[in-house]
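Please open the model in a viewer and keep the sequence beside it. The tour goes from the whole chain to its parts, one selection at a time.

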Amino acid sequence: MTINPPPHIARPSTDLVGPMVWFRGQPVAVTSSPPRDTTDPRYNACTEHRLACDCREAELSEGLAEHRIDRFALREQLEVALIDHPTVVLVDGIDRADLHCRCQGCEFARSISLVPFKNTRYLRSLL
Ligand SMILES: [Zn+2]
Ligand SMILES: [Zn+2]
């Protein structure tokens, strides 16, 4: 009996599995991951300080994580402050700036492109 799994199930193959990156046109298995932040022991242990060395990778990913967290926190604050505001209004998929909420909070959210998901109104014209 042949089992025919659904298309999202991986088939047996000789391809690399697990984490990999493309380098010079071929897949290369990722055998170690860079440090995620400066608390990683490799951050202090780094001595060579070449391009993309452990300490630079640690600082970069820590910085990115902080930016991401700040942005999530800001979006959460805006979600609370702008509850039920029509910050962005789309009529038939077309952005209607004349229908946007004009309060300062909504202006700010639009100016930094951080409109809470629930504050976008998708309307249909009745024509
Ligand atoms: Zn280093
Ligand atoms: Zn508003």
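Two residues are in contact if their C-beta atoms, placed from the backbone, lie within 7 Å. By that rule, 44% of the contacts in the chain with a separation of 6 or more are between residues 24 or more positions apart. The model is predicted.

**The whole chain**

Begin with everything selected. The C-alpha trace spans about 55 × 55 × 25 Å along its principal axes. The radius of gyration of the chain is 24 Å, whereas a compact globule of 127 residues would have one near 14 Å. Of the 127 residues in the chain, 9% are buried.

Now colour by secondary structure. The chain holds three helices and five strands. Read from the N terminus, the order of the elements is β-β-α-α-β-β-α-β.

**The hairpin**

Select residues 20-23, which are strand E1, and residues 26-29, which are strand E2. The two strands pair in the antiparallel sense, with four bridges between them. To see one of the pairs, pick Val21 and find its bridge partner in E2, Val28.

E1 and E2 form a hairpin, and two residues lie between the strands. Select Arg24, which sits in the loop between E1 and E2. Is Arg24 buried or exposed? Arg24 has 5 C-beta neighbours inside 10 Å, so it counts as exposed.

Ala52 is not a glycine, yet its phi is positive, at about 60°. Ala52 counts as exposed because it has 8 C-beta neighbours inside 10 Å.

**Helix H2**

Select residues 54-81, the 28 residues of helix H2. How far apart are its end C-alpha atoms? They are 40 Å apart, which agrees with the 40 Å that the helix should span at 1.5 Å a residue.

Within H2, show the side chains of Asp54, Ala58 and Leu78, which are the buried residues of this helix.

**The open sheet**

Turn to the three strands that form an open sheet in the order E4-E3-E5, with mixed pairing. Strand E4 (94-95) and strand E5 (120-123) stand at the edges and have a single partner strand each, so one side of each is left without a neighbour in the sheet.

Select strand E3 (residues 88-91) together with E5: these two pair in the parallel sense over four bridges. Which residue of E5 does Val89 stand opposite? Val89 faces Arg121 there.

Finally, colour the chain by domain: domain 1 covers 26-81 and domain 2 covers 84-127. Their C-alpha centres lie 34 Å apart. Five residues from domain 1 and five residues from domain 2 take part in the contact. On the side of domain 1 that touches domain 2, three residues are nonpolar, two are charged and none is polar.

Definitions and conventions:
Residues numbered from 1 in each chain as written. Chains lettered and ligands numbered in written order. Predicted model: local features only at pLDDT ≥ 70, side-chain atom pairs only at ≥ 80, totals over all residues. Pairing = 2+ DSSP bridges. Rg over C-alpha atoms; globule rule 2.2 N^0.38 Å. Buried ≥ 20, exposed ≤ 12 C-beta atoms within 10 Å, placed from the backbone. Domains from an automatic or database assignment. Nonpolar A, V, L, I, M, F, W, Y, C, P; charged D, E, K, R; others polar. Expected span 1.5 Å × (residues − 1).
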